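Student: I'd like to go through the side-chain contacts in this one with you. Can we take them topic by topic?

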Amino acid sequence: MLGTHRNDLFPSRNGNFRHTSRLPPRKFLFVILFIVASIGVIGIVSYSQKISYFFRPLWDCPPAPFIHIPHYYAENVSMEQLCHLHGWSLRTQPRRIFDGIIFSNELDLLEIRWHELNPYISKFVIVEANSTFTGIPKPLFFSSNRARFAFASDKIVHHVFPGEVAPKGLKKNPFELEKRQRIAMDSMIRLSGISYGDVLIMSDADEIPSQETLKLLQWCDGVPPIMHLELKNYMYSFEFPVDYSSWRATAHIYGPQTHYRHSRQTDHILADAGWHCSFCFRRIQDFMFKMTAYSHADRVTRKDFLNYSRIQKLICRGDDLFNMLPEEYTFKELIKKMGPIPRSASAVHLPAYLIQNADKFRFLLPGGCLRAQK
């Protein structure tokens with residue numbers, strides 16, 4: 001039998017030989033390798049972000065460490081003594097302080113922020129656009145809720161930035177649109193009446209300096225001309241403290257070279273200078289809006305990330321909305337922060353207005369994780 005090997009013939013019960021079809025070993029091995037390789041490629045594509053973040057300690061280097069300025073404060077201690085403890089001296093007249101923010105939709109946090117800062121601020125400069133950083137049309141949330149901030153009406157300098165809506169099916173570079181709004185902020189700050197030697201706070205609406213920090217900036221001579229503010233980092237509410245990794249907020253002694261930025265500008269950072277409450281919204285709808293509107297909207301990799309019940313469940317667990325690993329530079333810190341954020345039952349040393357109005361802002365306090373949908 002031409003082309004048939006003896007080893008491929010086996011006798012049947014009636015004594016005749018039957019042909020068996022057996023895949024040669026090489027072809028079988030090739031099929032197995034192809035299946036394994038395909039699964040590997042699919043896995044890498046599907047989980048590329050997680051793989052990249054997990055191995056970050058191998059491919060990325062941490063930034064240079066900050067020089068921490070210890071922060072001293074206690075009740076009934078004079079400003080002269082507090083300035084002295086920091087190595088500074090007491091001024092004869094307080095500095096004026098200006099607060100500049102680019103606003104999206106954080107109405108509750110803005111109310112808490114401005115009440116916290118109001119006794120020390122000369123002008124609140126706020127810029128909002130009619131589109132998001134990602135080119136989505138956006139309501140003017142501050143403009144339509146301005147009556148809510150009547151307590152500071154004589155201090156508000158408000159500007160509407162003409163945003164840019166992306167054509168259907170296309171996306172705008174979020175970091176470019178964010179940069180243009182920060183340039184617009186420079187102009188508004190100059191128009192607000194600021195003078196050289198005044199203090200300018202540069203931060204996002206959810207990055208709130210404490211009153212103790214503002215008192216130092218107002219009354220002490222010798223403060224560094226640029227100083228980052230180390231803020232205690234929270235997620236979803238003040239029930240979920242993360243760490244002290246928030247550093248982007250800055251305080252500047254205003255001068256000719258001062259430009260509005262949200263990046264590293266100096267090595268000096270004042271310890272424990274306030275609070276940063278990320279994704280601290282009253283309604284699930286606000287979470288969904290920010291997830292698709294801010295500069296990192298590319299983290300929404302699946303449609304079900306925007307599911308109401310999923311978002312609510314993750315808020316109450318203190319888990320990550322984007323199913324991401326922590327952004328850390330050592331395996332020790334990465335493993336330490338994997339999984340849900342541990343709850344805290346403490347509501348001590350938080351903005352005074354928040355505690356004074358605890359019923360109104362219950363969703364930001366321990367035990368208040370449930371959110372309204374709309």
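Student: Is Cys369 buried or exposed?

Tutor: Cys369 is buried in this predicted model, because its relative accessible area is 13%, which falls under the 20% limit for that class.

Student: Which cysteine does Cys369 pair with?

Tutor: A disulfide joins Cys369 to Cys316, with 2.0 Å from sulfur to sulfur. Cys316 lies in helix H10, residues 308-317, and Cys369 in the segment after helix H12 (352-356), so the bond ties together parts that are 53 residues apart in sequence. Cys316 is itself buried, at a relative accessible area of 16%.

Student: What about the handedness of the Cys316 and Cys369 link?

Tutor: The torsion about the S-S bond of Cys316 and Cys369 is about 90°, so this disulfide is right-handed.

Student: How many disulfides are there in the whole structure?

Tutor: The search finds three disulfides. One of them is formed by Cys83 and Cys220, whose sulfur atoms are 2.0 Å apart, and this pair links distant parts of the chain, since Cys83 is in helix H4 (residues 79-85) while Cys220 is in strand S10 (residues 220-221), 137 residues apart. The link of Cys83 and Cys220 is left-handed, with -85° about the S-S bond, and both Cys83 and Cys220 are buried.

Student: And where does Cys277 come in?

Tutor: Cys277 is joined to Cys280 by a disulfide with an S to S distance of 1.9 Å, and the link of Cys277 and Cys280 is left-handed, at -80° about the S-S bond. Cys277 counts as buried because its relative accessibility is 1%, and Cys280 counts as buried at 3%.

Student: What is the pairing if I number the bonded cysteines in sequence order?

Tutor: The pairing is then 1-2, 3-4, 5-6.

Student: While we're on cysteines, is Cys61 buried or exposed?

Tutor: Cys61 counts as exposed, because its relative accessibility of 63% is over the 50% limit.

Student: Switching to charges, how many salt bridges does the structure hold?

Tutor: The structure holds 23 salt bridges. Among them is the one where the side chains of Asp267 and Arg264 meet, at 2.9 Å from N to O; Asp267 is partly exposed, with a relative accessible area of 37%, and Arg264 is partly exposed at 24%.

Student: What else does the charged end of Arg264 do?

Tutor: The charged end of Arg264 sits over the ring of Phe66, 3.9 Å from the centre of that ring.

Student: Which side chain does Arg317 meet in a salt bridge?

Tutor: Arg317 meets Asp319, at 2.9 Å from N to O. Arg317 is partly exposed, with a relative accessible area of 39%, whereas Asp319 counts as buried at 18% relative accessibility.

Student: What about Lys337 and Glu328?

Tutor: Lys337 forms a salt bridge with Glu328, and the closest N and O atoms are 3.0 Å apart. Lys337 counts as partly exposed at 24% relative accessibility, while Glu328 counts as buried at 15%.

Student: Which residues are linked in a network of salt bridges?

Tutor: Asp108, Glu111, Arg148, Arg282 and Lys360 are linked in such a network. Asp108 and Glu111 are among the buried residues of helix H5.

Student: How many residues of H5 are buried?

Tutor: Helix H5, residues 107-117, is mostly covered, with ten of its eleven residues buried. Those buried include Leu109, Leu110, Ile112 and Trp114.

Student: Trp114 makes me think of rings. Which residues do ring pairs link into a cluster with Trp114?

Tutor: The cluster that ring pairs build consists of Phe103, Trp114, Phe124, Phe142, Phe149 and Phe151.

Student: How many aromatic pairs does the search of the whole structure find?

Tutor: The search finds 16 aromatic pairs. One of them is the edge-to-face pair of Phe279 and Phe281, at 6.4 Å centre to centre and with 85° between the planes. Phe279 and Phe281 are both buried.

Student: What lies over the face of Phe279?

Tutor: Lys290 lies over the face of Phe279, at 4.7 Å from the ring centre, so Phe279 takes part in this contact as well as in the edge-to-face pair with Phe281, given that a charge within 6 Å of a ring centre can count as sitting over the ring.

How values were computed. Residues numbered from 1 in each chain as written. Predicted model: local features only at pLDDT ≥ 70, side-chain atom pairs only at ≥ 80, totals over all residues. Heavy atoms only, no water. Salt bridge = Lys/Arg side-chain N within 4 Å of Asp/Glu carboxyl O. Buried < 20%, exposed > 50% of the residue type's maximum accessible area, 1.4 Å probe, protein only. Helix = DSSP H or I, 4+ residues; strand = E, 2+ residues; numbered from the N terminus. Phe/Tyr/Trp six-rings, centres within 6.5 Å; stacked < 30°, edge-to-face > 60°. Lys NZ or Arg CZ within 6 Å of the ring centre and 35° of its normal. Disulfide = S-S within 2.5 Å.
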